[in-house]
Amino acid sequence: MCDRDKQCRNIHFVTRMPQSCLEVVALYDDKVDIALSGFSSHEKVTVHGQSVNGEKKILFGSCGQYIADENGFVDVTKQPSHGGTYTGVEPMGIVWSLQPAPGQPQQTRMAINFTNRPGLITLNTYAGHLDLTDIYGESGIQPSSLASIEIERWFRHEDVTRIEIEEGNVRGALFLPPGDGPFQGVIDMFGSSGGLIEYRAALLASRGFAALSLPYFKYKDLPANLLDQGFEYFEEAVNWFSKHPKIYQGGIGVIGVSKGAEYVLCMSAYCPQVTAAVSINGLFNMCIGDLKYKGEVLLKGSEIDLRDEYFTDDGLILTDAYPTRGDLIPIWKGKAKHLMLVSMDDGQVNPESYQVLYDACPEEKKKDIEIVRYPGAGHLLEPPYNALCRASVNRVFGVVMYWGGRPKEHAHAQEDSWQKTLEFLRENIPKTL
């Protein structure tokens with residue numbers, strides 16, 4: 001008797017891998033069109049995504065519940081999910097709605113800091129409408145899949161070159177697109193977790209930029225403490241990078257998130273080579289401590305008052321811990337254009353922070369600032385389709401921090417903000433030889 005398996009029913013995935021800017025390859029920000037065929041007319045179908053994450057092998061799962069059309073076909077790009085971890089017509093919902101599976105540690109951020117291998121997502125399909133509790137039952141045995149496929153998603157195109165950087169005091173990783181160049185150059189920075197975080201720079205290089213991932217503490221011989229790094233380090237990085245033979249000499253871009261966004265604003269104010277600055281969910285001043293230059297205070301910073309009301313009832317999650325006001329970062333002193341990305345459900349940074357800075361700018365400088373606000377987005381605004389993390393451990397501060405965000409709104413914000421970032425950098429980094 002014929003069982004309801006993929007051999008008997010001829011259930012199979014149909015994927016249309018998109019064309020990237022370099023050649024046919026599934027980059028991390030590419031959409032992957034997913035469809036299935038071989039079902040009965042109007043049959044209920046579940047699509048299940050799974051990824052094994054990090055050294056601890058934590059399982060992330062997602063699922064969408066579909067109804068096949070009259071021909072037994074499910075096209076995820078056109079048909080709505082009726083339940084699961086996402087609903088509605090969401091072509092990449094099976095990817096961006098990944099979350100720690102039942103029974104796994106829930107306050108976990110999906111580790112994506114790798115560029116030499118792809119992120120792998122296994123897609124399975126099941127008859128009927130199942131949720132994650134059904135799929136990851138108490139027995140630990142998942143249902144039998146009617147069809148499966150593995151999707152590879154790369155931050156770094158195979159023709160992008162990675163170069164370890166140790167130039168003077170500057171440390172980091174430089175990613176170069178194929179070819180002789182010159183290329184538009186971008187310095188990329190992250191926040192208070194420290195270390196070298198490479199994935200966004202690798203993806204920028206895969207989109208045609210020469211991108212320097214710049215750590216500033218907790219990496220090699222850089223300071224172990226965030227507050228021990230002076231602005232002269234960032235100045236040296238800009239001076240070195242802006243003269244690199246592989247990039248255009250008319251100016252560079254800088255991009256940063258959270259604490260890195262503060263340094264982006266400072267570099268735009270004090271480094272004339274910076275012509276394009278993308279700041280993501282940062283503050284209008286230096287948070288936690290002063291900005292020093294060669295031992296002297298350049299900007300007076302602010303302190304965070306960690307009073308009890310900044311914690312949830314369980315005393316673990318730091319939420320809405322906004323700093324007292326210090327010196328405004330004087331971005332009006334520089335010549336850079338600014339793209340400021342604001343997540344309105346940010347649990348760490350006041351969403352009105354950039355408005356304070358905008359209002360303080362001279363009128364003639366306000367035309368150089370664009371503020372884009374994203375309702376429902378959380379603090380950790382990543383490249384497209386990365387899973388939302390609402391809370392995770394910040395190992396520098398030793399607390400679980402609440403980042404905020406609602407999955408669907410956050411996913412749409414990531415997709416839109418990334419396209420705006422690429423367009424902004426292309427338009428505002430001069431192509432001067």
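This is a predicted model: local features need pLDDT of at least 70, side-chain atom pairs count only at pLDDT 80 or more; totals for chains, interfaces and linings use all residues.
The secondary structure comes to 9 helices and 21 strands, and when we take the contacts between residues at least 6 apart in sequence, 70% of them join residues at least 24 apart. As for the surface, the protein exposes about 18100 Å², of which carbon and sulfur atoms supply 49%.

Let me turn to one residue, Thr 46, which sits in strand 3, the run covering residues 44-53. Is Thr 46 buried or exposed? Its relative accessible area is 0%, and since buried means under 20%, Thr 46 is buried. A polar atom of the Thr 46 side chain lies 2.7 Å from the backbone oxygen of Gly 128. Setting aside neighbours within four places in sequence, Thr 46 is in contact with Cys 63, Gly 64 and Gln 65, with Asn 124, Thr 125 and Tyr 126, and also with Gly 128, His 129, Leu 130 and Ile 135.

My other example is helix 5, residues 231-242, whose 12 residues reach 17 Å from the first C-alpha to the last, close to the 16 Å expected at 1.5 Å a residue. Which residues of helix 5 are buried? They are Phe 231, Tyr 233, Phe 234, Ala 237, Val 238, Phe 241 and Ser 242. Seen down the axis of helix 5, these buried residues fall within an arc of 155°, and therefore they line one face of the helix.

Terms used. Residues are numbered from 1 along each chain as its sequence is written. Side-chain values use heavy atoms; hydrogens and water are left out. Helices (H or I, at least four residues) and strands (E, at least two) are DSSP runs, numbered from the N terminus. The expected span of a helix is 1.5 Å times one less than its number of residues. Buried means under 20% relative accessible area, exposed over 50%, partly exposed in between (1.4 Å probe, protein chains only). The arc is that of the directions from the helix axis to the C-beta atoms. A polar contact is a pair of N or O atoms within 3.5 Å; within protein, one must be able to donate a hydrogen and the other to accept it, and residues adjacent in sequence count only if both atoms are side-chain atoms. Contact means heavy atoms within 4.5 Å. Accessible areas come from the Shrake-Rupley method with a 1.4 Å probe; for residues, only the protein chains shown count as cover.
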